Amino acid sequence: MDLADLAGAGCGLLAALFIASGVPKIRRPFGLALALVRFGVVRRVRPGLGRLLGALEVAAGIAVVFSPALLPAAACALVLLVAFTAVVVRSVLAGQSVECACFGTGETTSWATVVRNLVLIGVAAFVAATPAVPTMDQRISGLLIGTVIACGYLLISTLAVVKPFSVRLDG
């Protein structure tokens with residue numbers, strides 16, 4: 001596995017996660033619009049802004065896989081991740097646990113959210129800075145790898161919220 005293969009896997013991971021995160025925001029923008037108010041980014045609930053951010057995420061995900069110029073697409077993904085992470089860090093430092101609508105689940109922000117985003121920032125920075133440009137085949141293979149990782153992450157995060165295996169013994 002060379003640098004281009006790793007960059008292709010990074011492209012795929014970013015694409016899968018951005019698309020998985022953006023589509024629910026486009027379909028149901030109210031959750032993100034409410035989260036933006038709770039984060040203190042805006043004063044009123046603006047579903048159009050939630051839908052716009054979802055569309056930006058989907059566009060960034062698609063661009064990282066299909067754009068012939070990888071640097072602008074990866075830089076866009078990096079800027080979005082840094083902005084999202086800054087908002088989450090500010091919230092966590094203030095002692096808030098906000099339902100972030102990150103992937104359409106009931107996930108609340110915590111230091112785990114920050115760590116996840118820092119890992120993704122590292123992936124986006126690597127993809128943007130790598131001198132090796134992955135071929136379309138490497139990007140599609142990366143998309144398959146990224147989709148498996150994204151599905152695993154989404155399954156675990158949904159199970160953590162829903163808790164289907166918890167048992168209440170108090171009646």
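**Helix packing, surface and charges**

Analyst: Helix α2 (residues 30-39) packs with helix α3 (residues 47-66) at an angle of about 105°, and their axes are 7 Å apart. Keep in mind that this is a predicted model.

User: How are α2 and α3 oriented to each other, then?
Analyst: Angles from 65 to 115 degrees count as roughly perpendicular, so α2 and α3 are roughly perpendicular.

User: Which residues in α2 and α3 meet?
Analyst: From α2, Phe30, Leu32, Ala33 and Leu36. From α3, Pro47, Leu49, Gly50 and Leu53.

User: How do the residues of that contact divide into nonpolar, polar and charged?
Analyst: Seven are nonpolar, one is polar and none is charged.

User: New topic. Which residues form the nonpolar patch on the surface?
Analyst: Ile19, Val23, Ile62, Phe66, Met136 and Ile140. Together they have about 470 Å² of accessible area.

User: Which helices supply the patch?
Analyst: α1 (3-27), α3 and α6 (136-162) each give at least two residues. Met136, for one, sits in α6.

User: And how many salt bridges are there?
Analyst: The count is one. The side chains of Glu57 and Lys25 meet at 2.5 Å, N to O.

User: What does the pair tie together?
Analyst: Glu57 is in helix α3 and Lys25 is in helix α1, so the pair links parts 32 residues apart in sequence.

Key
Residues numbered from 1 in each chain as written. Predicted model: local features only at pLDDT ≥ 70, side-chain atom pairs only at ≥ 80, totals over all residues. Heavy atoms only, no water. Axes fitted to C-alpha atoms, helices over the stretch in contact; angles between N-to-C directions. Helix = DSSP H or I, 4+ residues; strand = E, 2+ residues; numbered from the N terminus. Parallel < 35°, antiparallel > 145°, perpendicular 65-115°, else oblique. Contact = heavy atoms within 4.5 Å. Nonpolar A, V, L, I, M, F, W, Y, C, P; charged D, E, K, R; others polar. Patch = residues over 30% accessible without salt bridge, like charges linked within 9 Å, V, L, I, M, F, W, Y side chains within 5 Å. Areas by Shrake-Rupley, 256 points an atom, 1.4 Å probe, with all protein chains shown as cover. Salt bridge = Lys/Arg side-chain N within 4 Å of Asp/Glu carboxyl O.
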